[in-house]
Amino acid sequence: MTTTETLPTPFPTERTVVVTGAASVRGIGRATADRLAGLGWSVAIVDINAEAARAAAADIALRHSVPAIGVGADIASEASVDAAVAQIETSLAPIVALVNLAGISSPTEFMDETVAGWERIFSVNMTGTFIVTQRVLRGMIQRRLGRIVSASSISAQRGGGTFSKVAYSASKAGIIGFTRGLAREMGQHGITVNCVSPGPVDTDIMGGTLTDERKNDLSADTLMGRVGTVTDIAALIAFLVGEDAGYITAATYDINGGLQIS
Ligand SMILES: NC(=O)c1ccc[n+]([C@@H]2O[C@H](COP(=O)([O-])OP(=O)(O)OC[C@H]3O[C@@H](n4cnc5c(N)ncnc54)[C@H](O)[C@@H]3O)[C@@H](O)[C@H]2O)c1
């Protein structure tokens, strides 16, 4: 009997995940890199803060005994990303997963927004995600294997309401369209493309550490009575980049304690 089914490419034992925006000590990226290292992945951290990226990688390598490197790059710059990914490709095992977490926020209200401010948000959150993804996909397409996970936000679905305003919400809504369109093109290459859409999580992107008062305010409308933790988000991402998630693509995962229906 013949079949036209495409069998998935098995995961190699030695494989690398690239996590952008994973230098921040209290961030989602750092927690994700840490979790994946614990699952045996080699880890490459790409962050605009080069020194913190190298320190995070050194710490992860030490604690999990996996190869890890930290590379400084501005994801909004094609040349910077090209150099960073080239360095990763020559230093570590083949890249099987990319987690796009580098991002910036903005609390500027719409009538005070400027074209420069708007473009700054979009250049990192949207164009940066495009640049890194396109660069990493070259190798994934050749190897017929890949997992891409990017960060949208509850702000895209609810129109903010946490910290950032219109520019951020619009850029994160863009990630959902990016995910779906790219998934449509990449399925034929054995590559899945998904995004996660977290509710508020206590990280630096929220304008600094959340006070108890802000935490209470942000928790009030959730069904679980608390804000998210970086571990909550890292666990979901780790599943989505894993071998078992090969039939999940073009999906947006709400991870917000139920905030999407409240
Ligand atoms: N924290 C939340 O409540 C929340 C909710 C929904 C979505 N998100 C999204 O999750 C992702 C991770 O956010 P976080 O909360 O960990 O924030 P964070 O501020 O802790 O981490 C963001 C990281 O991105 C890096 N970065 C910023 N600009 C960059 C650039 N041009 N090039 C390379 N690196 C750059 C920063 O140095 C930092 O390490 C972001 O995309 C954010 O929009 C966060």
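Select Ile28 and the ligand: a polar backbone atom of Ile28 lies 2.8 Å from an oxygen atom of the ligand, a polar contact being a pair of N or O atoms within 3.5 Å. The model is predicted, with local features requiring pLDDT of at least 70 and side-chain atom pairs pLDDT 80 or more, whereas totals for chains, interfaces and linings use all residues. Residues are numbered from 1 along each chain as its sequence is written, and side-chain values use heavy atoms, without hydrogens and water.

Next, select Leu101, where a polar backbone atom is 3.0 Å from a ligand oxygen atom. At Thr203, a polar side-chain atom is 2.5 Å from an oxygen atom of the ligand. Of the 830 Å² that the ligand exposes when taken alone, the protein buries 92% (Shrake-Rupley method, 1.4 Å probe).

Now display the whole shell, whose 27 residues surround the ligand (a heavy atom within 4 Å). Ile28, Asp47, Tyr168, Val201 and Thr203 are the closest. The shell comprises 16 nonpolar, 8 polar and 3 charged residues, with Gly counted as polar.

Finally, move to Phe11 and Trp41, an edge-to-face aromatic pair at 5.9 Å centre to centre and 85 degrees between planes (ring centres within 6.5 Å; edge-to-face over 60 degrees). Phe11 precedes strand 1 (16-20) and Trp41 lies in the loop between helix 1 (28-38) and strand 2 (42-47), so the pair ties together parts 30 residues apart in sequence.

Key:
Polar contact = N/O pair within 3.5 Å; in protein donor to acceptor, adjacent residues only side chain to side chain. Phe/Tyr/Trp six-rings, centres within 6.5 Å; stacked < 30°, edge-to-face > 60°. Helix = DSSP H or I, 4+ residues; strand = E, 2+ residues; numbered from the N terminus.
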